[in-house]
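Please look through the sequence and the model together, and keep both at hand while you read the paragraphs that follow.

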Amino acid sequence: MVAEAFHGARIDRALAAIAPEFSRNHLQQRIESGDVRLNGLPVRRPAAKVKSGDRLAIELHPTPQSQAFRPQAMALDVLYEDAHLLVLNKPAGLVVHPAPGNWSGTLLNGLLARDPQAANLPRAGIVHRLDKDTTGLMVVARSRASMDALVRMIAARDVRRQYLALAHRPWQGARRRTVDAPIGRDPRNRLRMAVVDLARHAGKPAETGFELLGDADEGCLVFCTLQTGRTHQIRVHLASIGHPLVADTLYGGREAAGMKRPALHAVQLAFVHPVDQRPMAFSAPLPDDFRGGLEHWGLRYNET
């Protein structure tokens, strides 16, 4: 049944809200293949409009992605857990969600094995992501109510996500600065994201706050605060101001200071508990390679 909030919306958008575990692109393909019915009648146009109270039915066929949602036991570093959510410290090399090339061995697979109830939640309760080689803090929902609340909180910028970045070149400009620049697919390389001109290319607003914590001859330690959550946001914004992440070869970085992965660590996470309204704040210790990178360049970070 189409909710009042989607009155007048495109049918693919309404379906995406009903079946969030499937991508909008996949749902568009199902519509075009005649697998979707609107009030009992087939509809083949993803742009067709729906009304409040309309009945939608979809015949879903197995896809590699849907078949990849299988429990796989793995060690997870859980820092906090209650009936509604958990907070974990993700290691480097762990993919968060199944995708082409990584249909198994992901965090989602590990969450399904750890808690069978996670199978009742879209994406096993995952409400935000870290790149494969980014380390640090993630919050995961354990109930539908907390998942919906956390998604709203992230969209409203009520979840504080802060990172440490080891970047190339001594810091330029003010010690504190904000980069407010939209991000979209790089028109010259579809494998990358880039700062884009929204008048010419598709993209979304993106804002990151940066604070210099330490400078060295070859680079700098930067404290990063996400105001939005676009794909590769910190990586793109730092590269756009001349400070690509160490070892981030996709965005102009190179291996240095012993780092062989993009030098980004989700160090702090804070939010109000979505159920009991308690203030929650977490810190993740530096991984060994990141700490070694700081020592190599003679930089320090106070973890207390």
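Which residue follows α6, and is its phi positive or negative? The residue that follows α6 is G242, and its phi is positive, near 90°.

This is a predicted model, in which local features need pLDDT of at least 70 and side-chain atom pairs count only at pLDDT 80 or more, while totals for chains, interfaces and linings use all residues. Residues are numbered from 1 along each chain as its sequence is written, and side-chain values use heavy atoms, with hydrogens and water left out.

Helix α6 itself covers residues 233-240 and is mostly covered, since six of its eight residues are buried, where buried means under 20% relative accessible area with a 1.4 Å probe, counting protein chains only. The buried residues of this helix are Q233, I234, R235, V236, H237 and L238. In the protein as a whole, buried residues make up 48% of the 304 residues.

Stepping back, the protein has seven helices and 14 strands, which are DSSP runs numbered from the N terminus (helices H or I, at least four residues; strands E, at least two). The domain assignment, which is automatic or from a database, gives domain 1 (4-61), domain 2 (64-156) and domain 3 (157-303), and the C-alpha centres of domain 1 and domain 2 lie 26 Å apart.

As for overall dimensions, the C-alpha trace spans about 65 × 45 × 35 Å along its principal axes. Among contacts (heavy atoms within 4.5 Å) between residues at least 6 apart in sequence, 63% join residues at least 24 apart.

How values were computed: Buried means under 20% relative accessible area, exposed over 50%, partly exposed in between (1.4 Å probe, protein chains only).
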